[in-house]
Amino acid sequence: MNTSRALLISLYSAPKTHLQIPPRATFLPNSGLLLQLCPCQRAHFRPTYVGNGLSWRVKSGRVRADVKSEPCDIAESPPDSVQFGKVFATNVVDDDDDDGDVTSAAVPWWEQFPRRWVIVILCFSAFLLCNMDRVNMSIAILPMASESHWSMTTVGLIQSSFFWGYLLTQIAGGIWADTVGGKFVLGFGVVWWSIATILTPIAAKLGLPYLLVVRAFMGVGEGVAMPAMNNILSKWVPVSERSRSLALVYSGMYLGSVTGLAFSPMLIHKFGWPSVFYSFGSLGTVWLALWLNMAHSSPLEDPKLLPEEKKLILRNSSSKEPVKSIPWRLILSKPPVWALIVSHFCHNWGTFILLTWMPTYYHQVLKLNLTESGLFSVFPWLTMAFAANLGGWIADTLVSRGVSVTIVRKIMQTIGFLGPAFFLTQLTHIETPTMAVLCMACSQGLDAFSQSGLYSNHQDIAPRYSGVLLGLSNTAGVLAGVFGTAATGYILQHGSWDDVFQVSVGLYLVGTVVWNLFSTGEKIVD
C-alpha cells in the first residue's frame, strides 16, 4: 500500500512539466487507465508478466514529461470514470512483495521455451538412440554371419537374445521408476545399453556365448526406457498435450530405425562392421550430458521452471493418488485386460520380425546388396513415423466429435491388424524390389495405427494402474519378440519366407477377433 499511496500522491501533486513515479512499481492490466492520463509516457513502461496476468513496469524511478520537447497534458483532476482507490488498491504490486517470482520478461527468450517440451524432446532423442542401437545388428549380422559361418538358426538365436534381457525389466522398470524417479532410471538405461553396444564387437570376437550375454545385457538397459518415459511424461505433460507428446516420442523409435538402417551400411562399407557399434554406442554419452543438465523427474524438482509453466502443468495434469498396493486378482479377472495382453502379443510378433529380419529378406529374396538392403529398409519406418502421428490426430478428432472411446480404439487397432495382414499376403506374389518395398511400407504404416489402439488403451481401462498394465502387456509383446525372432530363423532354415509371413498373418487375424470381442475404452479398474 505504501507504493500505491506514493503513486497516487505523485499523480495529484506533480506539476505539469514532470511526473514522478515510485521506482520498480508494477501495474496490472487495468492500470492502463494511468496511461490515458499521460499517453506520452508509454515509452517508459514495458509489459511484463506477474503470475498469469499482464502488467506494466516503470523503467526508472523518475519519469519526466517536458512540455517543450514532448508535450503532454496531465489532468488536473482525474476523470470520474477512473476510480483510483479501487485501481491502486488492487493493481499496484511492488517487486519487494512478489515473493521472488521470476517473470518471463526477465528471462532470455531461449530459456522461455517450455521446459516440458524440453523433456519430451530429450525422451524423443533417447528413443531415437534406442532403436538405432537395436536395429544396427539387423544390418551388421549379415557380414558377421558370413565371417563366422553362422547358420540361420544361430542368427535367429543372436537376434532373439536381446529380448531375453528386455523381458526382465518391463515390470521391474516401471516399479523402479515410480520409486526413484524416471530421470535416474532412463539415464541408467541409456548408459547401460550404450556400453553394451560398444562391447558387442569385442564379445563377438570372444565367441558366441559372450555375444549372447552382451545382447541380453543390452536388452536389460532398453527394457526400462518405456516405463521410465511414461513415468516422466505423466508428471510433466498436461492431459491436453499428452497424445501429441507420446506420438512424438514414439516417432523417435521409428526415426531411430530409419537412422540406423540408413547409416549402418555406409559405416560397414567404409570402416567394417564393428564401427557401427562403436559409433552408435558413443552417442549415448552426448545424450547423457544433456539429460543430466536439463532433465528432472518432475516439475517440482526443476529450479529453472518458470512459475507460469509450473502452474499450467500442475493445474492441468491428472492427479493420481499414490498406489500402495496393486489389485492383481481384480486386474487379471477382467476380459479387456486379457484382450490387451493377447493383442499385444499378436501385434509384436509381426512388428519385431519385420524390425529384425527385413534387411535379410531384401538381401536373400530380392537380391539386394548390403547398402541397398539398409536403404530400402528405411522407407517402412518413415511411413510409420508419419502414420503414427496421423492416426493419433484422427483418433483425437473422432473422440472430440462424440464417438465413443471404445469404438475409436477398436477401429484404430483393427486397421493396425488387418492392414499389415493384407499387405504381407501380397508379398508372396511380388518379385520386383520396388513393389516389395511399397508393400512393406504400407504394411508398417497401417501397423502404426496401433499407437491409437492398444497402446492408448492402458490409460483408458485402468488409469491408476496403467504402468503395471503396460508392463503386463508389453511383457507379452516381448515374449512375441523372443519366440518370433528365433522361430523365424528356424522356419527359414526348414521352410521359406512365405511360411514366415503366413504365421504373422494368422496372428494378426487372431488379434483382430480377440480385440473386437473383448476390448473396451471404458474404465474397468478404479
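Biologist: Which residues does Asn-131 touch, leaving out residues up to four places away in sequence?

Modeller: In this predicted model, Asn-131 touches Met-253, Gly-256 and Ser-257. Asn-131 has its place in helix H4, residues 115-148.

Biologist: What is the phi of His-149?

Modeller: Phi of His-149 is near 60 degrees. That is a positive value in a residue other than glycine. Most residues other than glycine have a negative phi.

Biologist: Now helix pairs. How are two packed helices described?

Modeller: By the angle between their axes and the distance between the axes.

Biologist: Then what are the values for H5 and H8?

Modeller: H5 covers residues 152-168 and H8 covers residues 208-223. Their axes come within 5 Å and cross at roughly 40 degrees. The crossing of H5 and H8 is right-handed. Residues of H5 in the contact include Leu-157, Ile-158 and Phe-162. On the H8 side, Leu-211, Leu-212 and Arg-215 are among them. By class, this contact of H5 with H8 has eleven nonpolar, five polar and two charged residues.

Biologist: What makes H6 and H7 oblique to each other?

Modeller: Start with the angle. The axes of H6 (residues 170-180) and H7 (residues 182-206) cross at roughly 135 degrees. Over 145 counts as roughly antiparallel, and 65 to 115 as roughly perpendicular. The rest, beyond angles under 35 degrees, count as oblique. The angle of roughly 135 degrees falls in that rest, so H6 and H7 are oblique to each other. Their axes come within 7 Å.

Biologist: Which residues of H6 and H7 meet?

Modeller: Gly-173, Trp-176, Ala-177 and Val-180 in H6 meet Gly-182, Phe-184, Val-185 and Phe-188 in H7. The contact of H6 with H7 divides into six nonpolar, two polar and no charged residues.

Biologist: How are H16 and H17 placed, and why is the pair given its name?

Modeller: H17 spans residues 405-426. H16 and H17 pack at an angle of about 155 degrees, with their axes 9 Å apart. The cut-off for roughly antiparallel is over 145 degrees, so H16 is roughly antiparallel to H17. The crossing of H16 and H17 is right-handed.

Biologist: Which residues make that contact?

Modeller: In H16, Gly-391, Ala-395, Leu-398 and Val-399 meet Val-405, Val-408, Arg-409 and Met-412 in H17. By class, the contact of H16 with H17 has six nonpolar, one polar and one charged residues.

Biologist: Stay in H16. How do you know whether Pro-380 is buried or exposed?

Modeller: Pro-380 is found in H16, residues 378-400. Buried means under 20%, and Pro-380 has 0% relative accessibility, so Pro-380 counts as buried. Leaving aside neighbours within four places in sequence, Pro-380 is in contact with Met-358, Tyr-362, Met-440, Ala-441 and Gln-444. Pro-380 and Cys-439 are 59 residues apart in sequence and 8.7 Å apart in space, C-alpha to C-alpha.

Biologist: What makes Trp-497 buried or exposed?

Modeller: Trp-497 is found in H21, residues 497-518. Trp-497 has a relative accessible area of 9%, under the 20% cut-off, so Trp-497 is buried. Trp-497 and Tyr-361 are 136 residues apart in sequence and 7.9 Å apart in space, C-alpha to C-alpha. Not counting residues up to four places away in sequence, Trp-497 touches Tyr-361, Trp-357 and Leu-492, among others.

Biologist: How much of the whole protein counts as buried?

Modeller: Of the 526 residues, 54% count as buried. The secondary structure comes to 21 helices and six strands.

Methods. Residues are numbered from 1 along each chain as its sequence is written. This is a predicted model: local features need pLDDT of at least 70, side-chain atom pairs count only at pLDDT 80 or more; totals for chains, interfaces and linings use all residues. Side-chain values use heavy atoms; hydrogens and water are left out. Axes are lines fitted to C-alpha atoms, for helices over the stretch in contact, and angles run from 0 to 180 degrees between N-to-C directions. Helices (H or I, at least four residues) and strands (E, at least two) are DSSP runs, numbered from the N terminus. A crossing is left-handed if the near helix is turned anticlockwise from the far one by less than a right angle, and right-handed if clockwise. Contact means heavy atoms within 4.5 Å. Ala, Val, Leu, Ile, Met, Phe, Trp, Tyr, Cys and Pro count as nonpolar, Asp, Glu, Lys and Arg as charged, and the others, Gly among them, as polar. Buried means under 20% relative accessible area, exposed over 50%, partly exposed in between (1.4 Å probe, protein chains only).
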